Amino acid sequence: MFDGLATIRGSASTLTAVRPLLSTFRVGRAVDRHLIIDDSRVSQDHGFLRFMRDKVWVVRDLASKNGTFVNGRRIEAGSDIVLADQDVICFGSTSSSWIFTAGSPSEVVISSSGGASWRAVAPGVGLLPLPSEHEPSGSLLRRQTEWLLEAPGFESRVLADGQPFTVAGVEYRAWMSRADDPTVETDVHRVPLASAVLYLAVSQDEEQIAAELRVSAGARILPARVYLYLLVLLARHRLEDTALGISPSEAGWRYADEIAQALAVDQQSLNVQVYRARSDVEKLAFQDSSSIIERRSMTRQMRIGVPSEKLTLARL
């Protein structure tokens with residue numbers, strides 16, 4: 001579930017939870033901690049784990065009353081203690097312990113159903129469908145250093161750390177790694193989607209479609225999937241509006257019901273196509289991949305996110 005991500009796991013029978021770690025992961029009894037331990041021996045702001053450069057994690061005790069222990073030894077308050085994989089950490093008492101598993105910090109951690117269920121976004125990933133990729137009623141989208149919530153009923157908005165929100169009747173809470181904290185090093189060079197030309201070639205009978213995102217280094221080919229016709233349809237609408245003199249900010253917007261009807265699919269199937277298009281663009285190492293299809297959740301409109309001057313429609 002959290003492959004490659006750092007976690008701590010409760011080792012006692014009453015502490016079976018696994019928590020994916022943010023770059024700075026706060027522990028204590030206070031309600032705004034990432035890990036809340038309801039134990040009088042645990043201080044309100046007890047301590048934290050932090051990711052350092054070169055894949056190193058440390059734990060620090062914040063002068064708690066009853067201390068923090070690593071492998072049974074109480075650590076000095078205010079000092080950073082380097083952790084090794086499978087180290088055992090205790091906060092306030094050795095009667096309950098947490099096992100550290102080394103890995104990368106999560107970019108975002110989402111809890112749902114009162115904290116009973118947890119999901120994590122790995123470094124470099126910029127899209128999280130909610131409640132799942134099979135039923136993407138809403139999404140978390142990365143925009144540079146911020147995360148936006150896109151869900152029916154309101155315009156996309158920036159999420160604050162620890163903010164609760166609701167998608168499709170499910171309550172969630174989101175925590176983010178700090179923008180100024182280090183993350184894992186990656187050798188993937190992500191290109192801004194705004195620098196790409198979207199090339200769409202359609203057969204005469206419109207049964208076959210080829211799609212490429214062309215950048216200076218060459219073409220990145222989108223796989224042959226159902227959503228390619230959605231891209232063609234949205235591209236045509238944007239080009240038509242531009243030819244009519246409609247402003248770039250308004251060109252191409254259409255109601256989701258209209259698009260679903262044109263594709264002969266229901267809204268859920270349309271949502272799945274949008275998610276898969278965004279996901280495949282992200283796999284091609286583009287920044288802001290979700291903007292390949294833009295959405296206005298309040299009015300339930302959508303459009304191709306590529307401007308008309310960077311759209312090319314051709315025949316196969």
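Guide: A residue is called buried when its relative accessible area is under 20%, exposed when it is over 50%, and partly exposed in between (1.4 Å probe, protein chains only). The model here is predicted: local features need pLDDT of at least 70, side-chain atom pairs count only at pLDDT 80 or more, and totals for chains, interfaces and linings use all residues. Residues are numbered from 1 along each chain as its sequence is written, and side-chain values use heavy atoms, with hydrogens and water left out.

Visitor: Why does T68 count as buried?

Guide: T68 has a relative accessibility of 0%, so T68 counts as buried. T68 lies in strand 7 (residues 68-70); a strand is a DSSP run of E with at least two residues, a helix one of H or I with at least four, and both are numbered from the N terminus.

Visitor: What makes the pairing of the T68 and D61 side chains a polar contact?

Guide: The distance between them is 2.5 Å. A polar contact is a pair of N or O atoms within 3.5 Å; within protein, one must be able to donate a hydrogen and the other to accept it, and residues adjacent in sequence count only if both atoms are side-chain atoms. The side chains of R142 and E107 are likewise joined by a polar contact, of 3.1 Å. R142 belongs to strand 15 (residues 135-143).

Visitor: Which residues does R142 contact, leaving aside its neighbours within four places in sequence?

Guide: They are E107, V125, G126, W147 and D288. Contact means heavy atoms within 4.5 Å.

Visitor: What makes helix 2 and helix 3 roughly perpendicular?

Guide: The axes of helix 2 (residues 256-263) and helix 3 (residues 267-283) cross at roughly 95 degrees and come within 10 Å. Angles of 65 to 115 degrees count as roughly perpendicular, under 35 as roughly parallel, over 145 as roughly antiparallel and the rest as oblique. Helix 2 and helix 3 are therefore roughly perpendicular to each other. Their contact is made by A256, D257, I259, A260 and L263 of helix 2 with Q267, L270 and Q273 of helix 3.

Methods. Axes are lines fitted to C-alpha atoms, for helices over the stretch in contact, and angles run from 0 to 180 degrees between N-to-C directions.
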